[in-house]
Amino acid sequence: MRILIIEGVTGAGKSETLRALARQPAFAARLGPGRVISEEDTLGEVMDEIAQLGGPPVRHVWRLDRVMAALERESKAAPEARFVLERFHLSYYALLPEWTLFEAYERALARSGCASVLLTIDPSALAERSLERADRQGTDWTAGMIAHYGSRDAALAAIARSQQRRLDALALTRLPTRIIDTTGQAWDAYAQEILSWWRKAD
């Protein structure tokens, strides 16, 4: 598989997993001339855009088009390259649960050889890991989430719903997907599991 998507609700450990992957020599060898495309490019501030701009859901998926165009361009330049996407269409589905929006991306990803890894957190740990994130201490992350959703309970409910929608999407996706529970935060072990599975997915 030439493309790997690392998905998960906020706090699931996508960045930690990518850092652990970067510590594995086999990861750089597997990417070759390819690269990791971060969530700044794949998702950006789409949650705020949806809240502020509204309108039809299709107006909010333009980053997906931009990333797909970049993948096509870079793959033509280096056919041996592999790519890792930090978040992609399942994150959008969690916000805009209309699967028809993403069917064309699914078909293109499947043709390109794409697999995905979905990182999950035990629901009992969502408050600590996703809302009261230790890596966001000293910022307005928690207050911002509560303000966005209107209350702490509403923010937690939204986080739980976001994770569940990603899980629900596994019944719709055509991409091979590995689910990894990251509650134990064993990042190096997850990285090794991902690399082993990604190689087998070829």
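Which residues point one way from S4, and which the other way? Cys114, Ser116, Leu118 and Thr120 point one way from S4, while Ala115, Val117 and Leu119 point the other way, and all are buried (buried means under 20% relative accessible area, exposed over 50% and partly exposed in between, with a 1.4 Å probe and protein chains only). This is a predicted model, in which local features need pLDDT of at least 70 and side-chain atom pairs count only at pLDDT 80 or more, whereas totals for chains, interfaces and linings use all residues. Residues are numbered from 1 along each chain as its sequence is written, and side-chain values use heavy atoms, with hydrogens and water left out.

**Strands and their pairing**

- Strand S4 covers residues 114-120 and is mostly covered, since seven of its seven residues are buried; helices (H or I, at least four residues) and strands (E, at least two) are DSSP runs, numbered from the N terminus.
- S1 and S4 pair in the parallel sense over six bridges, with Ile5 standing opposite Ser116 in S4; two strands pair if DSSP finds at least two bridges between them.
- S4 is also joined to S5 by five bridges, and these two strands run parallel; the bridge partner of Leu119 in S5 is Ile180.
- Strand S3 (residues 83-86) has Phe83 and Leu85 pointing one way and Val84 and Glu86 the other way, and all are buried.
- Strand S1 (residues 3-8) pairs with S3 in the parallel sense over four bridges, and Glu86 is the bridge partner of Ile6 in S3.
- Strand S2 (residues 35-37) pairs with S3 in the parallel sense over three bridges, and Arg35 stands opposite Phe83 in S3.

**Helix H1**

- In helix H1 (residues 14-22), the buried residues are Lys14, Thr17, Leu18, Ala20 and Leu21.
- They cover an arc of only 160° around the axis, which puts them on the same side of H1; the arc is that of the directions from the helix axis to the C-beta atoms.

- Thr182 is found in the loop between strand S5 (177-181) and helix H11 (187-201), and it counts as buried because its relative accessibility is 0%.
- A polar atom of the Thr182 side chain lies 2.6 Å from the backbone oxygen of Ala12.
- Not counting residues up to four places away in sequence, Thr182 touches Ala12, Leu119, Thr120, Ile121, Arg129, Trp187 and Tyr190 (contact means heavy atoms within 4.5 Å).
- His89 is found in helix H6 (residues 89-95) and, with a relative accessibility of 2%, counts as buried.
- Leaving aside neighbours within four places in sequence, His89 is in contact with Ile5, Glu7, Leu64, Trp99, Phe102, Glu106, Leu109 and Leu175.

**Aromatic rings and charges**

- A search of the whole structure finds four aromatic pairs; rings of Phe, Tyr and Trp (its six-membered ring) pair if their centres lie within 6.5 Å, and planes under 30 degrees apart count as stacked, over 60 as edge-to-face and the rest as tilted.
- Tyr93 and Trp99 form an edge-to-face pair, at 5.3 Å centre to centre and with 85° between the planes, and both residues are buried.
- Ring pairs link Tyr93, Trp99 and Phe102 into a cluster.
- The charged end of Arg133 sits over the ring of Trp141, 5.5 Å from its centre, and the charged end of Arg136 sits over the ring of Trp141, 4.5 Å from its centre; a charge sits over a ring if NZ of Lys or CZ of Arg is within 6 Å of the ring centre and within 35 degrees of the ring normal.

Technical notes:
A polar contact is a pair of N or O atoms within 3.5 Å; within protein, one must be able to donate a hydrogen and the other to accept it, and residues adjacent in sequence count only if both atoms are side-chain atoms.
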